[in-house]
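Hello,

I am handing over a structure for you to look at. Please open it first, then read the notes below it.

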Amino acid sequence: MDHLTVVTHPLVQHKLTLMREAETPTAVFRQLLREISQLLAYEVTRELPMEQKRIETPLAPMDAPVLAGRKLALVSILRAGNGLLDGILELVPSARVGFIGLYRDEKTLQPVEYYFKVPELLGERLVITVDPMLATGNSSAAAVTKLKEAGAKNIRFLCLLAAPEGIARMKEAHPDVPIVTAAVDEKLNEKGYIMPGLGDAGDRMYGTK
Ligand code: URA
């Protein structure tokens, strides 16, 4: 896969515009995120390896394609990652699931891990890391570093919106990790929010402020 894939499909772009609008209510935002996550998942899993399986249809035997190898691992970066995770799990219900919790230390401004739980045999799975907003890229890069330390070798990063700064940070830290996103916005503001963006994804998803 290319290092950066922007999913320009009209359905994705239309839903993203609705999500960006400040007046979109929490329940609608969450539903749109679920729908968009499935369209993005379609793209991020496009090149999964396949194998042939012998089956019997009601009419005849045939060799039919099925996914090869171990089940996918989806890893959500808490808390906003869970919005993408829920939708993808509807599409790939047998995927294994991990969670990474990180917060930013106020003094050092570096991400600090507070939770890490991932499926076993990570090195034998495609690991799709999900977080709606790739902003500075610091926590995303730290999360991917942790996954590599846990054995992951084949990692992809799926987000809804990315800032050029976050893409550059990820490319520098993890050039082997393809990024799939619905859009690349203009820049970060002084508080690290993506502009024009959609605001705080976690707050909009869960109705917190
Ligand atoms: N996280 C968010 O939720 N929104 C941004 O714009 C940046 C980081």
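**Salt bridges**

A search of the whole structure finds 10 salt bridges. Keep in mind that this is a predicted model.

Start with Lys 15 and Glu 35. They form a salt bridge, and their closest N and O atoms are 2.7 Å apart. Lys 15 sits in helix H1 and Glu 35 in helix H2, so the pair links distant parts of the chain, 20 residues apart. Are these two residues buried or exposed? Lys 15 counts as buried, because its relative accessibility is 17% and the cut-off for buried is under 20%. Glu 35 has 26% relative accessibility, so it counts as partly exposed.

Next come Arg 34 and Glu 90. This salt bridge also has its closest N and O atoms 2.7 Å apart. Arg 34 belongs to helix H2 and Glu 90 to helix H3. The two residues are 56 apart in the chain, and the pair links distant parts of it. Arg 34 is partly exposed at 26% relative accessibility. Glu 90 is partly exposed too, with a relative accessible area of 48%.

The last one joins Glu 124 to Arg 70. Here the closest N and O atoms are 2.6 Å apart. Both partners are in loops: Glu 124 between strand E6 (111-117) and E7, Arg 70 between strand E3 (61-67) and strand E4 (73-77). They are 54 residues apart. Glu 124 is partly exposed, with a relative accessible area of 47%. Arg 70 is partly exposed as well, at 44%.

**Nonpolar cores**

Now look inside. The largest nonpolar core has 37 residues. Which of them touch the most other members? Leu 160 and Leu 198 do. Five elements each supply at least two residues of this core: helix H1 (10-20), helix H2 (26-44), helix H3 (81-91), strand E7 (126-130) and helix H6 (201-206). H2 gives the largest share, seven residues.

Go back to Leu 198 for a moment. Leaving out residues up to four places away in sequence, Leu 198 touches Leu 16, Met 19, Arg 20, Phe 29, Met 133, Leu 160, Leu 161 and Arg 204.

**A surface patch**

Leu 4, Val 6 and Val 184 make a nonpolar surface patch. Its area is about 180 Å². Val 184 is in strand E12 (residues 183-184). With 35% relative accessibility, Val 184 counts as partly exposed.

**Backbone points to check**

Where are the cis peptide bonds described here? One runs from Leu 78 to Arg 79, with omega near -5 degrees. Arg 79 lies in the loop between E4 and H3. Another runs from Met 195 to Pro 196, again with omega near -5 degrees. Pro 196 lies in the loop between strand E14 (194-195) and H6.

Then see Leu 121. Its phi is near 55 degrees, a positive value in a residue other than glycine. Leu 121 is in the loop between E6 and E7. Glu 124 is in that loop too. Leu 121 counts as partly exposed, at 38% relative accessibility.

Best wishes

Notes:
Residues are numbered from 1 along each chain as its sequence is written. This is a predicted model: local features need pLDDT of at least 70, side-chain atom pairs count only at pLDDT 80 or more; totals for chains, interfaces and linings use all residues. Side-chain values use heavy atoms; hydrogens and water are left out. A nonpolar core is a set of buried Ala, Val, Leu, Ile, Met, Phe, Trp, Tyr and Cys residues joined through side-chain atoms within 4.5 Å. Buried means under 20% relative accessible area, exposed over 50%, partly exposed in between (1.4 Å probe, protein chains only). Helices (H or I, at least four residues) and strands (E, at least two) are DSSP runs, numbered from the N terminus. Contact means heavy atoms within 4.5 Å. Patches are made of residues with over 30% relative accessible area and no salt bridge: like charges are joined within 9 Å, nonpolar side chains (Val, Leu, Ile, Met, Phe, Trp, Tyr) within 5 Å. Accessible areas come from the Shrake-Rupley method with a 1.4 Å probe; for residues, only the protein chains shown count as cover. A salt bridge is a side-chain nitrogen of Lys or Arg within 4 Å of a carboxyl oxygen of Asp or Glu.
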